[in-house]
Amino acid sequence: MASSCRRPEHTAPPDVFYNEEEAKKYSQNSRMIEIQTQMSERAVELLNLPEGQPCFLLDVGCGSGLSGDFLSEEGHYWVGVDISTAMLDVALDREVEGDLLLGDMGQGMPFRPGTFDGCISISALQWLCNADKKTHSPPKRLFTFFSTLYSSLSRGSRAVFQLYPENSEQLELITSQAMRAGFTGGMVVDYPNSSKAKKFFLCLFAGVTGVLPKGLGSETSDRNVSNQVQFSGQRCRFKNMKGKSLKKGRDWIFEKKERRRRQGREVRADTKYTGRQRRPHF
């Protein structure tokens with residue numbers, strides 16, 4: 001019981017808990033950035049998107065846009081939804097490339113049918129299991145969310161939610177409401193035999209019945225499993241990271257500017273000085 005009291009969702013409602021102070025941590029704490037990016041990478045892997053094809057994705061509980069940074073790096077377009085104005089303000093200050101929307105996921109997703117090619121969500125879904133107001137009913141809010149999400153996804157796409165379930169009853173509540181809304185799929189557990197590295201991913205299929213992916217580490221549970229979640233093709237991009245990618249080379253800058261032009265944003269013209277390294281100041 002003592003451990004559950006330390007859970008953020010037991011401290012305050014999400015729009016209160018993620019205030020300005022908490023929001024800054026997500027853009028300044030390198031450890032948080034590393035974990036968020038690792039889980040986003042794994043979630044996108046579970047989406048099983050077409051190779052080399054940019055997709056239009058929804059990020060539910062996008063926060064300060066760390067997950068969106070990874071989506072942009074992979075060449076995808078995205079829309080982020082979050083209930084915290086402080087977190088979205090940080091995302092705006094960081095000039096993330098996705099579009100941002102202030103909204104409560106428990107009130108449903110306000111998008112037209114078939115809008116998105118997939119959906120990810122990192123560490124947000126378990127908040128719907130709490131009744132922060134007298135009018136809140138967790139089963140109803142979960143069903144409203146899943147049913148409107150199902151509608152906004154194209155048929156054959158997937159939604160992947162990384163979550164921190166409190167107990168088996170909470171998992172049953174979440175999955176039952178998802179299936180009731182029309183989804184198929186189930187829970188993918190990475191490193192099930194590790195108390196620290198274990199991660200839960202709810203992998204849902206919209207309109208089709210797919211084969212549930214295998215969790216990482218299930219075949220090597222008898223070996224020495226690291227306490228950190230390790231993914232194939234992990235990249236060393238986290239040193240001295242303060243909310244933005246380290247990929248600041250000339251090619252990366254040109255690619256980012258081109259993406260912004262395609263989005264209709266105003267971008268400075270390319271010159272011979274674009275991306276040029278400056279001499280260090282003494």
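Predicted model: local features only at pLDDT ≥ 70, side-chain atom pairs only at ≥ 80, totals over all residues.
Which backbone oxygen does the side chain of T175 reach? The side chain of T175 reaches that of E172, at 3.2 Å.

Residues are numbered from 1 along each chain as its sequence is written, and side-chain values use heavy atoms, with hydrogens and water left out.

**View 1. The whole protein chain.** The protein chain holds eight helices and seven strands; helices (H or I, at least four residues) and strands (E, at least two) are DSSP runs, numbered from the N terminus. Of its 282 residues, 46% count as buried, where buried means under 20% relative accessible area, exposed over 50% and partly exposed in between (1.4 Å probe, protein chains only). Among contacts between residues at least 6 apart in sequence, 67% join residues at least 24 apart; a contact means heavy atoms within 4.5 Å.

**View 2. The largest nonpolar core.** A nonpolar core is a set of buried Ala, Val, Leu, Ile, Met, Phe, Trp, Tyr and Cys residues joined through side-chain atoms within 4.5 Å. Of the 29 residues in the largest one, L58, L125, F145, F146, L149 and F161 touch the most other members. At least two residues of this core come from each of β1, β2, β4, α6 (138–152), β5 (153–163), α7 (168–180) and β7 (199–205). Helix α6 gives the largest share, five residues. Another core, of 20 residues, lies apart from this one, and L49, L57, F70 and I122 are among its members.

**View 3. T175 in helix α7.** T175 is found in helix α7 and counts as buried because its relative accessibility is 18%. Leaving aside its neighbours within four places in sequence, T175 is in contact with M187 and L202.

**View 4. Aromatic pairs.** Rings of Phe, Tyr and Trp (its six-membered ring) pair if their centres lie within 6.5 Å; planes under 30 degrees apart count as stacked, over 60 as edge-to-face and the rest as tilted. The structure holds seven such pairs. F111 and F116 are edge-to-face, because their ring centres are 4.9 Å apart and their planes stand at 90°. F146 and F161 also form an edge-to-face pair, 5.9 Å centre to centre with 85° between the planes. Because F146 lies in helix α6 and F161 in strand β5, this pair ties together parts that are 15 residues apart in sequence. Ring pairs link F145, F146, Y150, F161 and F183 into a cluster.

**View 5. Arginines over rings.** A charge sits over a ring if NZ of Lys or CZ of Arg is within 6 Å of the ring centre and within 35 degrees of the ring normal. R155 lies over the face of Y150, at 4.4 Å from the ring centre. R180 lies over the face of F143, at 4.0 Å from the ring centre.

**View 6. Helix α4.** Eight of the eight residues of helix α4 (residues 66–73) are buried. These buried residues pack against α2 (20–28), α3 (30–47), β1 (56–60), β2 (77–82), β4 (116–122) and α8 (250–262). G75 follows α4, and its phi is positive, near 90°.

Methods. Polar contact = N/O pair within 3.5 Å; in protein donor to acceptor, adjacent residues only side chain to side chain.
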